[in-house]
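The sequence and structure come before the text.

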Amino acid sequence: MKAIETPLAQYANQFRIGHNQNEFVIECCQQYAGSQEAALVCRLVLTPTSAEQLRAVLDDSLQQHLRLISKHKSGGQ
């Protein structure tokens, strides 16, 4: 499935996750230095299957990122 590109992007630096038998709810928030509160910028509601797909894609991306960083630190190409 091809994703529809939209220019909207929100920075998130804090996350809250809740779940029940049927769904996962991921809240993406912004918290500024010195602030006690975080502003909710996005809420994702996913089925357990979709949450597993998100986990797999995120794991893969993080592994790629870590390999790139490791290569860069060691001076490799």
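Helix 1 supplies the largest share of the lining of the largest pocket, four residues. The model is predicted, so local features need pLDDT of at least 70 and side-chain atom pairs count only at pLDDT 80 or more, while totals for chains, interfaces and linings use all residues. Residues are numbered from 1 along each chain as its sequence is written, and side-chain values use heavy atoms, with hydrogens and water left out.

The volume of this largest pocket is about 280 Å³. A pocket here is an open set of points on a 1 Å grid over the protein atoms alone, where a 1.4 Å probe fits, with protein on both sides within 12 Å along at least five of seven lines; lining residues have an atom within 4 Å of a point. The volume is the space filled by probe spheres set on the points, which are joined across faces, edges and corners. Among the lining residues are Phe 15, Ile 17, Phe 24, Leu 44 and Arg 55. By class, the lining holds nine nonpolar residues, no polar and one charged; Ala, Val, Leu, Ile, Met, Phe, Trp, Tyr, Cys and Pro count as nonpolar, Asp, Glu, Lys and Arg as charged, and the others, Gly among them, as polar.

Strand 1 (14-19), strand 2 (24-30) and helix 1 (48-74) each give at least two residues to the lining. Helices (H or I, at least four residues) and strands (E, at least two) are DSSP runs numbered from the N terminus. Strands pair if DSSP finds at least two bridges between them.

| Strands | Sense and bridges |
|---|---|
| Strand 1 and strand 2 | antiparallel, six bridges |
| Strand 2 and strand 3 | antiparallel, seven bridges |

Strands 1 and 2 form a hairpin with four residues between them. Strand 2 is largely enclosed by the rest of the structure, because five of its seven residues are buried, where buried means under 20% relative accessible area, exposed over 50% and partly exposed in between (1.4 Å probe, protein chains only).

Glu 27 lies in strand 2 and is buried at 16% relative accessible area. Glu 27 is the bridge partner of Arg 16. The side chains of Glu 27 and Arg 43 make a polar contact at 2.8 Å (a pair of N or O atoms within 3.5 Å; within protein, one must be able to donate a hydrogen and the other to accept it, and residues adjacent in sequence count only if both atoms are side-chain atoms).

Tyr 32, in the loop between strand 2 and strand 3 (39-46), counts as exposed at 56% relative accessibility.
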